[in-house]
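Hello,

Here is the structure I said I would pass on. My notes on what was found in it come after it.

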Amino acid sequence: MKNLQAIQTLKTMSLSVACICVLSACQSTAQNTITKSTAEYYGTQDKFAKESVYFLMTDRFVDGDSTNNYPEQGGQTPTFNRQLVNPNGQHNANVGYLGGDFKGIVDNIDYITDMGFSALWITPIVDNPDLPFNGGQQIEFAGQFKDGGKTGYHGYWGVNFFVEDEHLFSPGLHYKQLNQALKSKGVMPVMDIVLNHGSPSYTMDLDLPKFGEIYDQDGVLVADHQNIHPTELDPNNPLHSFFYNKPDLAELSDMNADNPAVLNYFVDAYLYWIEQGAEAFRIDTIRHMPHHLWKQFSDRIRAKHPDFFMFGESFEYEATKVAQHTLPKNGAISVLDFPGQRAITSVFENKDASYADVQSYLHLTHGPYHNPYELMTFYDNHDMARMNTDDKGFINANNWLFTARGIPVVYYGSEIGFMAGLKEHEGNRNYYGQERVDTAPQHLIYQNLKRINLVRQQTPALQRGLQVNLDFTQDTASFLRVLEDKQATQTALVLLNKSATAKTIKVDKYLSNGQWQSQLNNNTYQVKTGLIEVTVPANGVEVLLFEQKNNNLDLYAELDHLMGHK
């Protein structure tokens, strides 16, 4: 009887274990199903990732209103048209105002949107000194790191950070109205802001008006360098306490990040400009101020404007250093991808370079960035030589820039190869003008940039999708951009060819079966065995779109890896 009871007990236990195992298996199966059905794959979900950015120096773009040029300003040392003459007489540079203004931008918003750009970054708008700087070392043609003889045409020598510079606005067209006009055409205004420094502040023959001075919103002087070397500033003098007592960039005043009044001043100033319509910030010289200041600044801005997008300029080619700004503990501020700039130009300035080399900056897994997909990608700007290549080089660079990970930024004039290869005081910042705006749409670079920019604008996978690299050779590259989240489900296959002849590119990895539709022509491809062959024209690009969930298990394994380690 005891044996029978024991057998029955064992049967009961076995049945219980079996039920538990079955239940566990059912739960496991259900969990796997749920995990698979709800899994999301994306590079970023930040709304700013949908943008592509056109960057222009306002004074160098188009003179829409000649009445704000002030050619007599400065008297014997005028601020308008201060030419630096090239001994060879070609591509002269200029360090004076040349007339570009808000009116020139408003008159040409359609030019910007026609290329497919959805955001506009312009140089700082705040009031700058009304004279050329007479201290420091005299700037000459092709010179660098010298400010003597220059004016604040660029906007980075702020004096009153609550007031617009008089060279920029027109009656009825201030910064607020400029932003209204941009937004009416679907363009997001990106404001260039400076906290690190003001104007040149010492070594002057005489202490010129406004130089080294900071005024508040009521026009009250709150800081004054008084033409004194930083090491001789008096920390007990309230007018000096805004500045550090050490030199930094050229003779620029160096803002004291340890003084709470400095942070308060700039938070108030830039909150004011958000009220006037700024929707994102580009932060100048971010690496010249400590992380604790940027954390406090970003927290206070986002306390009133949640998720406000900011990206900084850390002119540094080491990714581990640049990446520090992107970390939440340091303010979660994106950055311009300078390591990417170096990699991109090294490939597209050199016809013998391999596409394989351009992968070095991507950091798709285990990288130092908080999120590499939110970095601002570019190949040149106002502080470096423009990319030194021909029309085909620009076309190939743009084909890469607008399809690879990151948020693309293009410097004014690159749409026609304007002043290619030239540095700041050789022609990099030369006046563009209405005539070039009017003729640019006929240019080959412009036409190809517009083509791929519009594809990106219409393709969420190119904006936010994970990048899965496939094959990179000397002249061709292939990769996927995969986006599967609550907002969109699509995969883009990008094929690039930078050679002078058409190339047939074969893809037999990570490819889902089904219909793939070209976004650049009417071609449709039916993939049945995970294999496709596509001919890409010389200096060309192809983007094929798969508009459903993927069905390639190997791809999902790779996506899981990328999501877990980006």
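**Aromatic pairs**

Phe 546 counts as buried, because its relative accessibility is 0%; buried means under 20% relative accessible area, exposed over 50% and partly exposed in between, with a 1.4 Å probe and protein chains only. Please note that this is a predicted model, in which local features need pLDDT of at least 70 and side-chain atom pairs count only at pLDDT 80 or more, while totals for chains, interfaces and linings use all residues. Residues are numbered from 1 along each chain as its sequence is written, and side-chain values use heavy atoms, with hydrogens and water left out.

Rings of Phe, Tyr and Trp (its six-membered ring) pair if their centres lie within 6.5 Å; planes under 30 degrees apart count as stacked, over 60 as edge-to-face and the rest as tilted. The count by this rule is 44 aromatic pairs. One of them is edge-to-face: Trp 121 and Phe 311, at 5.6 Å centre to centre with 80° between the planes. Trp 121 belongs to strand β4 (residues 119-122) and Phe 311 to strand β13 (residues 309-312), so this pair ties together parts that are 190 residues apart in sequence. Helices (H or I, at least four residues) and strands (E, at least two) are DSSP runs, numbered from the N terminus. Both Trp 121 and Phe 311 are buried.

Phe 546 pairs with Trp 516: the ring centres are 4.9 Å apart and the planes are at 25°, so the pair is stacked. Because Trp 516 lies in strand β21 (residues 514-518) and Phe 546 in strand β24 (residues 540-546), the pair ties together parts that are 30 residues apart in sequence. Trp 516 also counts as buried, at 0% relative accessibility.

**Helix α6**

Helix α6 (residues 260-275) has 16 residues and spans 23 Å from its first C-alpha to its last, close to the expected 22 Å (1.5 Å times one less than its number of residues). Its buried residues include Val 262, Phe 266, Tyr 270 and Trp 273. After α6 comes Gly 277, with a positive phi near 115°.

**Cavities**

How many cavities of 30 Å³ or more does the structure hold? There are two. On a 1 Å grid over the protein atoms alone, a cavity is a set of points where a 1.4 Å probe fits but cannot get out, and lining residues have an atom within 4 Å of a point. The largest cavity has a volume of about 60 Å³, a volume being the space filled by probe spheres set on the points, which are joined across faces, edges and corners. Of the 13 residues lining the largest cavity, those closest to its centre are Pro 124, Tyr 153, His 154, Gly 155 and Leu 168.

Regards

How values were computed
1 Å grid on protein atoms, 1.4 Å probe; cavity = no way out; pocket = protein on both sides within 12 Å on 5 of 7 lines; lining within 4 Å.
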